Structure formats: C-alpha cells, structure tokens
Amino acid sequence: MSYSTVDVDLTRGGVAGSHFEEIDKLRESTPAFWNESGRGYWALTRFDDVRDAFQSPALLSNDSIVVTEPNPPFRMIPSNAGPPEHMLYRQTMNAWFAPAAVAKHEPFLRQTANDLIDELIGEGGCEFMSTYGTLFPARALVAMMGLPQSETPVLVEMTGRITGSVGATDADARARAAGALDAIRGYFAELVRHRRSTPADPQLDFVSHLLQVGFADRHLLDDEILDICMTLVLGGLRTTRSQMGWCMYHLATNPIDRQRVIDDPFLIRLAIEEFLRAYPIVNVARKVVSDVDFHGCPMKEGQMVLMFVQSANRDPLVFDRADEVVIDRRPNRHIAFGASAHRCLGSHLARAELEITLEEWHRRIPSYRLGTTDTLQASGGHIALLELPLTWTVDGTGSAK
Amino acid sequence: MRVHVDDKLCTGQGRCFVEAPDVYSSDEDGYCKERHAEFSVPDELAEQARRGAEWCPQAAITCTDGE
C-alpha cells in the first residue's frame, strides 16, 4: 500500500456538510497520506487502518493528541497518559461516568432539557448552538461532577473563549485559547484548594473524590487533579454541543426522518448512533514513538499521526451507503468515541444528553424547521455548525404547534 | 453458542450491553462484565449474542456456533 502527499487545510471553515464531502473524496483517493500543511502529519483514511492505529499504543503514543501540536504546552490526564498509568487514572474516574452513574442523573437531565425548552418555546425560534446547545452540556457536566448549578455560567463563559481548536494555526485564536485555559485552570485550582480544607462528600463531589481516591500506592497530586478537571471541561462541552447541532440540523432539514423520530421515539437511540457516525465532529492524534513503517507509511519518531475518525466513520468498505444518513442503521459500529483504551470517558453521558434532548425536543417542539434560507457555515478540524437558527409556530398558549 | 469477550480489546464502548442486554451487562466502570471468562448462551439468545458482537467497534466479541 502506498501513501500520497497532500497539502490540505482541514481546519478551514466552509459550508455545512462540505467538510464531510471533502474528507470522503480524500479517503477514496488514497488509503494514507502525508499532509504537508503546517508542520505536517500522517493520516490513514480507512476504518480498519485507523482502528489498528488506535490499538497500537507501543508504536503511537498519547504524548500528544492534537495533530498540530507535537509538544503540548499542558498535560491532559488521562488523555496524555500511557500504560500503565493511563488505566490507573481511568480507574479513578470510570465509575463516575459509567452508564449507572449517568442513569442516576437522568431525572435531572430530563428536567434541565425541559427547563431550557421552557425558556425558548414561546419565542417561536432560537439560535440553537449558543442557547440550548451550550447550556445543556454545561449543566450536565456540572451535575455529573457534583457541583452546584450556580457554577455553570462561569464555566460556560470561560470555555466559550476557546473557539476552534487549541491547536489553531491562527496566532490570535491560540492566545485567546491560552488565556481561557489559564482561567479555567485557575477556577479549578481554587476549587481544589477549597475542597482540601473543606472536603465535600466524596460520593457526590468529584473533586473531593479525587482528593482521597487511591492511585497506585499514593493519592493524586493537586496538579493531576487539575489536569483531570481541564480534560473533562475540554472534552465534554463543545463536543456534545457540536454533535447536538448536527442531530438537530439533520432533523430540521430532513422532515421525513424527523417525522419517523416523532412517530417512534424508540428510533432515537439508533438515530443518534447514525448521527455520531455520519456527522463525526472530531479526530484525535498520536505521536510516533520510534521510526516505523506503519501501513505503508514511513513514519519517523516524533511525527504526528491523525486518528482520522471523520474519515473512518464514513468508510464504504465498512458501512453500506456510507455517505447516507440511515437513521435506523444497525448494527452501527462507528468509532466516534475512539477505538482504544482512551475511549471517550464521556461517551455514555454524551449519548444520554443526545437522547434526552431529542426525546424532549420532539415531544414539545415537533414541527421546528431551519430558521434561515442563508447557507449554514461550519468550522473545520472540529467540525461544527457556527450557528443553527431554528423556527417553529407558537399557539395562543405559548406551546409549539 | 460460545461467546468470548476479549478483555484486552474491550474499551467500554457499551454497545453490547445496550443492544443485547440479555447476554451482556455493564460492570460498574462501564465495561463488559462478561469479558473475564468465555461463556455459553442457549439457542434462544444466540441472535442477541451475535448482535452484540456485530455492534462492538473494537471487534472484541467472538461467537462460535454449536457449543
């Protein structure tokens, strides 16, 4: 198998949907490439090869997981950890984000969905990404960490300053992101300081739990706890928002699919898997440990390799009608959440957020549609709608028709 | 049917126990509880067992007919 050399800027903004098409073309043109853009990086485009890359930690390390940033200025835990520490870190956190833990918060999540819908419904329309799309994931993560909801606005404000990727090639965007990251770290440093002197219930408060949990033969250091909190915030907010946007976009622009979901809410679970597959929002990356010929690519130590989930998920060698959104597709073994031991910790929470959102939204505002005739725009790299205007008809009682 | 869930491949994607709940279950960390030892399922659960295997993104599950 050979590779191609390309020069493409995958982070360029563009028309909504265009990034997926561009990636599909790239994949069909070559099974692997060296992208000369920026510092350069490798990428495999086929599902099987991407999964193999995910399952090769001895060759491809997590020292950096941002493809444009081989030497990250800060450490994310557990994302940048390798074996054996990685699983030890995960073991301090897994139970807090496991399906049973998420299920405990389901009543709150459902109430929160309805509270947010209550605020929007009478307006007859909204810009989804900056309203529901931003607030719901934030309230959910705050709840999962056992923090009071009064903390949500400050987290929303700080994370809102990180636009695009922290590996953004624009110097201003990087400076803004760095400032926002400092602010978030400062926020959690204050929280850790407070919980050290006044611990809350370690069964309910995530930071208090981290302060006393056993880690190998010791406890976690403050820096490790901060790195964990940063990772949760970076991993759990804009991602869910972005994916939610695509779900709502698809159903707003595909009335037949929307009606199927309204008629049979049990379809929502399958539809969400298909949206995760066909509208893949993120990739991750790995760093080459030492020179290796990997799937025909002569990779050199220190080079970055894109884990091209956005391509793998739409690979026609694995998925029939791969470029079509088939909302009852089954089985659907996509790798939106990765395919390694680093599988997204928040995957169960993300699914619950998406399911509850689609259930409640379609129950209460079934007839929404796009609220603009303008072409929608999306960011590249982290592929997300910039805005999603929605509109619906409100009756005399303030309910949606 | 014999079912083998490879504990070196299971990453807690959580599709098996959601799509085939009579065969697979979640442990408290969100991983497949059945990954510790091979097991058998009766004929009436064979379809679910295979469904769980097909859904696993890690290809961690193997189902073998006949035992």
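Trainee: Hi! What should I know before I look at the model?

Mentor: It is predicted, so local features need pLDDT of at least 70 and side-chain atom pairs count only at pLDDT 80 or more, while totals for chains, interfaces and linings use all residues. Residues are numbered from 1 along each chain as its sequence is written, and chains are lettered from A and ligands numbered from 1 in the order in which they are written.

Trainee: Great. How many helices and strands does chain A have?

Mentor: Chain A has 15 helices and 16 strands. Those are DSSP runs, numbered from the N terminus: helices are H or I with at least four residues, strands are E with at least two.

Trainee: And how compact is chain A?

Mentor: Chain A is as compact as a globular protein of 401 residues, because its radius of gyration is 21 Å, close to the 21 Å from the globule rule. That radius is taken over C-alpha atoms, and the rule is 2.2 Å times the number of residues to the power 0.38. The C-alpha trace of chain A spans about 70 × 55 × 40 Å along its principal axes.

Trainee: What share of chain A is buried?

Mentor: In chain A, 46% of the 401 residues count as buried. Buried means 20 or more other C-beta atoms within 10 Å of the residue's own, exposed means 12 or fewer, and partly exposed is in between, with C-beta atoms placed from the backbone.

Trainee: Can we look at one residue? Where is A:L388?

Mentor: A:L388 sits in the loop between β15 (384-385) and β16 (389-391) of chain A.

Trainee: Why does A:L388 count as buried?

Mentor: Because A:L388 has 26 C-beta neighbours inside 10 Å. Leaving out residues up to four places away in sequence, A:L388 touches several others, including A:E127, A:M129 and A:Y249. Touching here means contact: C-beta atoms, placed from the backbone, within 7 Å.

Trainee: Switching to sheets: what is the strand order in the open sheet of six strands?

Mentor: The order is β1-β3-β4-β12-β9-β5 in chain A, with mixed pairing. Two strands pair if DSSP finds at least two bridges between them. The edge strands are β1 (4-6) and β5 (60-61) of chain A, each pairing on one side only.

Trainee: How does β5(A) run against β9 of chain A?

Mentor: They run antiparallel, joined by two bridges. In one of these, A:L60 has A:V288 in β9(A) as its bridge partner.

Trainee: Which peptide bonds are cis?

Mentor: Among them are the bond from A:I77 to A:P78, with omega near 5°, and the bond from A:P83 to A:P84, with omega near 0°. A:P78 lies in the loop between β5 and α3 of chain A, and A:P84 is found in the loop between β5 and α3 of chain A too.

Trainee: What about phi at A:R321?

Mentor: A:R321 has a positive phi of about 50° although it is not a glycine. Most residues other than glycine have a negative phi. A:R321 is exposed, with 10 other C-beta atoms within 10 Å.

Methods. Contact = placed C-beta atoms within 7 Å.
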